[in-house]
Amino acid sequence: MKIEFKNETLYFYNAQEKINYEYIDQIGVFTERFPLKFNEIDNIIKLDLKENFKSNLKNNLKIKFHCNSQNDINESLENINNLYHLKIYTVNEYMYLECIPNSNIARTFTENGKLIVESQYDTIIYGEKKIESSHMASSLYCIGKNQTSLDKIIKLIHNNSFNKQQWKISIRITDDDENDILFHFVLLDYFRSNKAIFESRKIFLNQKYNYLIFDNIENEKNIEVEGIQLQEDYLELVLSGNIETPYLFIAVRSRQGNIFNYDNYRYYKIISNCVQIPYKDFNTFYLTEKDNIDLLIGNTISKAKFITSSDHIQRRNKYFHLNDNVVGKFYINGRSTLSIYIKSLPKANPYAINVAVLGTCFSRNALNTMDYFNPDYKKYIRCVFTQFHSRLDSLNSNPAPLELSQQYEKDKEFNHIKVDLDKMFYEKLYESNAEVLIFDLYSDALLKPIQLVNNSIVTYNYLIKNNNNLGSFVKDWNISKYLNEEEILENFKYNLDIFMEKVTKIIPENKIILNRGRLAEVYKDDDEEIKTFKTINLIKRNNYFWEKIDNIVISNYPNVKIIDLSKKNYLASKSHPFGFSFSHYEPEYYKHFLDELIKKLLEITLEP
């Protein structure tokens with residue numbers, strides 16, 4: 001198809017059918033759509049640009065024509081619309097039409113503290129209340145038509161701002177054809193010429209992003225919290241100094257936009273330098289993990305000042321119950337004032353699914369209420385039994401000598417040691433009433449099987465290794481040392497079959513979940529650089545065998561559910577609560593594992 005532009009009209013020659021077109025939306029914003037008016041004469045389709053684009057344009061517009069033009073087009077038109085230029089161009093088989101704001105339709109300048117707009121079209125000046133970290137506005141306030149004053153701008157900001165509120169000045173221009181456009185006034189020169197007045201009213205300029213910011217954050221200098229008492233039904237704050245302002249405010253920081261835009265707050269009368277805050281009042285707030293409550297003092301929330309605490313104050317940095325769902329602790333924030341940090345209470349759900357875990361930190365750490373892991377996992381899962389670091393051949397073997405087991409009776413991990421040495425796993429699993437079993441094969445891939453003097457096989461893991469008397473009971477420190485790969489895998493398959501036969505008498509195969517964990521090959525060092533572990537060869541060897549034995553499970557027991565995060569390439573983390581290791585991942589792993597586990601549990605629940 002040939003396309004030609006002349007006399008403010010587009011001509012489409014040899015069009016075999018109607019011209020298809022689509023409006024291109026901005027991300028998250030739907031473009032206003034209207035049908036284009038085409039005319040067809042003698043197999044030529046015409047699009048009169050003035051007829052279609054002279055009026056009713058409200059914002060940037062982009063249209064994509066599916067017309068496969070035989071010729072290139074690149075036109076810029078300034079006489080179609082008063083407020084917008086039209087740009088028409090071709091790219092490959094498409095033609096595009098864009099309506100672009102005309103920046104020359106108005107002149108702005110300042111004079112004697114006034115902000116003035118000159119244009120042949122109608123203008124309105126707005127104060128634009130910005131949403132923080134966004135180019136969007138939450139509100140527009142009219143502050144003039146073709147001019148506004150410094151006093152109006154300052155009054156608008158003071159009457160409609162919390163601390164750190166951001167503002168832009170915008171100019172709306174309309175014409176008689178109902179076109180509409182919005183520009184932002186460049187504030188640098190205006191602010192500089194009125195800098196002393198602005199700053200005396202706590203209004204400052206962010207030059208980079210062209211907005212004014214109301215920064216009225218002040219700390220109360222003459223009053224501080226010198227005591228905190230946690231009573232049975234209320235929290236009592238003891239204040240120092242000569243108090244003239246009547247109220248203490250507790251205010252929840254906003255989760256979106258300006259954190260100091262306090263939508264939720266309560267205030268309390270200060271009596272004899274004391275304030276009592278009933279715990280039940282915190283139930284009026286919707287509080288969740290990592291919320292923050294600021295403490296302020298003043299007559300109104302918009303003019304209140306943040307309050308500090310004395311250095312010797314007690315009860316700081318200790319959690320206390322606010323209600324059944326959250327606890328809080330006082331802390332000193334970045335402004336050196338007092339706030340309360342909110343933490344959700346791990347709350348068990350009586351309808352949670354009973355789960356047992358056989359494996360290692362790859363599977364069990366995700367079921368931990370520490371912040372690093374999953375504080376709320378108990379809403380969904382009740383972990384009724386855990387066995388750490390046991391190989392399958394150890395679980396299937398005859399018990400170790402009783403004298404060996406007794407040597408670990410004072411060990412804090414004795415319960416896990418006893419299950420491995422006394423071969424109690426299947427019994428404990430049955431007694432737990434677990435509905436689902438999660439297991440990983442870390443121990444079979446990495447840990448050595450030890451043969452004892454009574455021919456029992458036990459797992460040589462970190463739980464038992466520090467006993468210097470262990471060697472007195474050992475017949476062979478590594479019975480698989482001189483086996484080839486085929487023999488190792490055959491031995492694993494033999495013990496896997498025994499394991500599955502016994503376990504499936506307790507838990508059906510389709511309610512068993514295999515976690516395909518893998519050792520991390522890289523980590524982030526103290527300088528935030530990605531580094532490879534020096535033991536990379538050992539890691540690759542262990543991951544190789546781990547992959548092999550996982551595949552044996554999958555190929556022989558197809559109804560077993562699989563959680564596989566091995567392709568996500570998580571980093572090992574130096575901030576892991578249980579130490580730095582190629583087995584200890586960054587927090588995202590444990591969050592994602594729980595997400596996948598919940599999906600598998602739902603899948604199991606929905607199965608007939």
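The buried residues of helix α11 are Leu 489, Phe 492, Asn 495, Leu 496, Phe 499, Met 500 and Val 503, where buried means under 20% relative accessible area, exposed over 50%, and partly exposed in between, with a 1.4 Å probe and protein chains only. They cover an arc of only 140° around the axis, so they lie on the same side of α11; the arc is that of the directions from the helix axis to the C-beta atoms. An α-helix has 3.6 residues a turn, so residues three or four places apart point the same way. The face of α11 turned away from the buried side carries the exposed residues Glu 486, Glu 490 and Tyr 494. At the start of this helix, a side-chain oxygen of Asn 484 comes within 3.2 Å of the backbone nitrogen of Glu 486.

The model is predicted: local features need pLDDT of at least 70, side-chain atom pairs count only at pLDDT 80 or more, and totals for chains, interfaces and linings use all residues. Residues are numbered from 1 along each chain as its sequence is written, and side-chain values use heavy atoms, with hydrogens and water left out.

Helices (H or I, at least four residues) and strands (E, at least two) are DSSP runs, numbered from the N terminus.

The table sets out both helices; the expected span is 1.5 Å times one less than the number of residues.

| Helix | Length | Span, first to last C-alpha | Expected span |
|---|---|---|---|
| α11 (485-503) | 19 residues | 26 Å | 27 Å |
| α13 (587-606) | 20 residues | 29 Å | 28 Å |

The domain assignment gives domain 1 (2-100), domain 2 (107-214), domain 3 (219-344) and domain 4 (353-518 + 535-569 + 586-606); such bounds come from an automatic or database domain assignment. Taken over C-alpha atoms, the centres of domain 1 and domain 3 are 60 Å apart.

Two loop residues are also buried. Phe 260, in the loop between β21 (247-252) and β22 (264-269), has 6% relative accessibility and counts as buried. Leaving aside residues up to four places away in sequence, Phe 260 touches Phe 162, Asn 163, Lys 164, Ile 217, Asp 294, Phe 306 and Arg 335, contact meaning heavy atoms within 4.5 Å. The C-alpha atoms of Phe 260 and Asp 564 are separated by 42 Å, and the two residues are 304 residues apart along the chain.

Asn 467 is found in the loop between β33 (457-460) and β34 (474-476) and is buried, with a relative accessible area of 14%. The side chain of Asn 467 reaches the backbone nitrogen of Asn 469 at 2.9 Å. With residues up to four places away in sequence not counted, Asn 467 touches Leu 404, Gln 407 and Tyr 408.

The structure holds zero disulfides, a disulfide being a pair of cysteine sulfur atoms within 2.5 Å. The sulfur of Cys 361 is 14 Å from the closest cysteine sulfur, in Cys 383, too far for a bond. Cys 361 counts as buried at 12% relative accessibility, whereas Cys 142 counts as exposed at 52%.

Methods:
A polar contact is a pair of N or O atoms within 3.5 Å; within protein, one must be able to donate a hydrogen and the other to accept it, and residues adjacent in sequence count only if both atoms are side-chain atoms.
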